Amino acid sequence: MKKTSTRLSDGRELVYYDRDDSRERDAPDPRPADQVATASEVRRDPLLGDFVAIASHRQGRTHLPPADACPLCPARPGGHQGEIPDSDYDVVVFENRFPSLSGPTGRCEVVCFTSDHDTSFAGLDEDSARLVLEAWRDRTAELSRLEAVRQVYCFENRGVEIGVTLGHPHGQIYGYPEVTPRTRLMLQSLAEHRATTGRNLFDDLVDRERKDGERIVLETEHWTAFVPYAAHWPYEIHLYPRRRVPDLVALDEAARAEFPGVYLELLRRFDRIFGEGRPPTPYISGWHQAPFGEPRPGEPDVAREEFALHLELFTVRRTEGKLKFLAGSESGMSVFINDVPPEAAARRLREVASS
């Protein structure tokens, strides 16, 4: 992999990741050097103890443009000029023009998985998927060095049902200024389990799923994928490396080499859940990684090595043509009601395996 860092005309960082080590990236950004105006701030909720990002500038972000005006496609001579100055690319990462978090409140980046506007992550080959993994690992390492970042979340939203505003295959990376509420809950459970049993909660959870077997979706030498016992979403998969590590940076070569085949298979199964020829399944897929730095006052006192890197992949579609909406119980009280038993979801995800 070759990494080339450059700057867009407005000063934002852009990084090319290439499979070809000889590839030169020196195309300038021809757009006017207008500075990006951001006004994000983080406010704490005194009742819940969590935080909310206020980012009013995002109201003007690009919304579902036609393919010939896509800002994530490579530059075309005489055509539309978007965010990527070069005429082609393998994987590109750049600072978001409309970030939810910026400056002292963190950082937001966009990851373009491929220059092909009309494909999806599931349509990539294994070499391309491996390059995306290496970009995620590199950005996690780079963002961890920023003073404003405590935790890094690499994720993809796919489908208009999720709220995607650009159709090009891409994801995002958020560098949060604080440990997120969801991770705080995990850390608290982790600390309580260690105090009670002397064991690691993540290890026990994965061991339980492997021994039970009913909710296992896919198992390889280095990865285990299963529908969790208390799945919140109609179809939800958690993917763990067999060797517990705190983040993507710590993944060993064997797990990294096997990941593309495993992940692509899971994504392709997702697109077959509701039958062949059906519309692509909308989903959210994200890496949960350990926070950086020592625990701060009020945070669970858990060592980074206790946390287990894992990916959570889920869809908001509960059956063909119907979505799982977060209504009164879910949105108002954070109590999820799942219409699909996890065991039935796992069974279906095994049924649609590639032959």
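Leaving aside its neighbours within four places in sequence, with which residues is Gln-289 in contact? Gln-289 is in contact with Thr-140, Gln-151, Val-152, Cys-154, Pro-246, Asp-247, Leu-248, Phe-307 and Leu-309, where contact means heavy atoms within 4.5 Å. This is a predicted model, in which local features need pLDDT of at least 70 and side-chain atom pairs count only at pLDDT 80 or more, whereas totals for chains, interfaces and linings use all residues. Residues are numbered from 1 along each chain as its sequence is written, and side-chain values use heavy atoms, with hydrogens and water left out.

- Gln-289 is located in the loop that joins strand 12 (283-288) to strand 13 (310-315); strands (E, at least two residues) and helices (H or I, at least four) are DSSP runs numbered from the N terminus.
- Gln-289 counts as buried because its relative accessibility is 1%; buried means under 20% relative accessible area, exposed over 50% and partly exposed in between, with a 1.4 Å probe and protein chains only.
- The side chain of Gln-289 reaches the backbone nitrogen of Leu-248 at 2.9 Å, and a polar atom of that side chain lies 3.3 Å from the backbone oxygen of Val-152.

- An open sheet is formed by eleven strands in the order 1-2-5-6-8-7-12-13-11-10-9, with antiparallel pairing; two strands pair if DSSP finds at least two bridges between them.
- Strand 1 and strand 9 (216-219) are the edge strands, each pairing on one side only.
- On average, neighbouring strands of this sheet are turned by 20 degrees against each other, direction ignored.

- Strand 2 (residues 13-18) is largely enclosed by the rest of the structure, because six of its six residues are buried.
- Glu-13, Val-15 and Tyr-17 point one way from strand 2, while Leu-14, Tyr-16 and Asp-18 point the other way.
- In a regular strand the side chains alternate between the two faces of the sheet.
- Six bridges pair strand 2 with strand 1 (residues 2-7) in the antiparallel sense, and Lys-3 stands opposite Tyr-17.
- Five residues separate strand 1 and strand 2 in a hairpin, and Gly-11 in the turn has a positive phi of about 100 degrees.
- Strand 2 also runs antiparallel to strand 5 (residues 91-95), joined by four bridges; Val-91 is the bridge partner of Tyr-17 in strand 5.

**Strand 9 and strand 10**

- Three bridges pair strand 9 with strand 10 (residues 223-226) in the antiparallel sense, and Ala-225 in strand 10 is the bridge partner of Leu-218.

Key: Polar contact = N/O pair within 3.5 Å; in protein donor to acceptor, adjacent residues only side chain to side chain. Axes fitted to C-alpha atoms, helices over the stretch in contact; angles between N-to-C directions.
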